[in-house]
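Reader: I would like to go through this model with you. Could we begin with the aromatic side chains?

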Amino acid sequence: MLKKILFGGENGLSTPANIALTILRVFAGFSIMMAHGMAKLPPSPQFIQGAAGIGFPLPTAFAWAASLSEFLGGA
């Protein structure tokens, strides 16, 4: 099951091709996590004010949710 999740999904590809795609996915997720998530943790006052300016009812909570989703989503 784990092999299918990590290396499967692309029918007809060889094992090395699936390994290469897995490495690419891990690198892309790590890059997103570091580039977008780390820059917003903890949310800056400007980021919170931006969320308030858009009209979110709880700007601090939404800023934290956005920051954590970008960080954990990349992971």
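Reader: How many aromatic pairs does a search of the whole structure find?
Author: The search of the whole structure finds one aromatic pair. The rings of Phe, Tyr and Trp (its six-membered ring) pair if their centres lie within 6.5 Å; planes under 30 degrees apart count as stacked, over 60 as edge-to-face and the rest as tilted. Phe 56 and Phe 62 form this pair, which is stacked, at 4.6 Å centre to centre and with 25 degrees between the planes.

Reader: What is the basis of these values?
Author: This is a predicted model, in which local features need pLDDT of at least 70 and side-chain atom pairs count only at pLDDT 80 or more, while totals for chains, interfaces and linings use all residues. Residues are numbered from 1 along each chain as its sequence is written, and side-chain values use heavy atoms, with hydrogens and water left out.

Reader: Where is confidence lowest, and where highest?
Author: Confidence, given as pLDDT (the predictor's confidence in each residue, from 0 to 100), is lowest in helix α1 (residues 2-7), at a mean of 66, and highest in helix α3 (residues 45-54), at 91. The mean for the protein chain is 83, and 85% of its residues reach 70 or more. Where pLDDT is low, the predicted coordinates should not be read in detail.

Reader: What does the secondary structure come to?
Author: The protein chain has four helices and zero strands. Helices (H or I, at least four residues) and strands (E, at least two) are DSSP runs, numbered from the N terminus.

Reader: Back to the phenylalanines: which residues form the nonpolar patch on the surface?
Author: The patch consists of Ile 54, Phe 56, Leu 58 and Phe 62, with about 410 Å² of accessible area together. Ile 54 lies in helix α3 and is exposed, at a relative accessible area of 65%. Phe 56, at 35%, counts as partly exposed, and Phe 62 is partly exposed at 36%. Here buried means under 20% relative accessible area, exposed over 50%, and partly exposed in between (1.4 Å probe, protein chains only).

Reader: And Ser 67, is that residue buried or exposed?
Author: Ser 67 is buried, because its relative accessible area is 0%. The residue sits in helix α4 (residues 59-74), and its side chain reaches the backbone oxygen of Ala 63 at 2.9 Å. Of the 75 residues of the protein chain, 16% count as buried.

Note on methods:
Patch = residues over 30% accessible without salt bridge, like charges linked within 9 Å, V, L, I, M, F, W, Y side chains within 5 Å. Areas by Shrake-Rupley, 256 points an atom, 1.4 Å probe, with all protein chains shown as cover. Salt bridge = Lys/Arg side-chain N within 4 Å of Asp/Glu carboxyl O. Polar contact = N/O pair within 3.5 Å; in protein donor to acceptor, adjacent residues only side chain to side chain.
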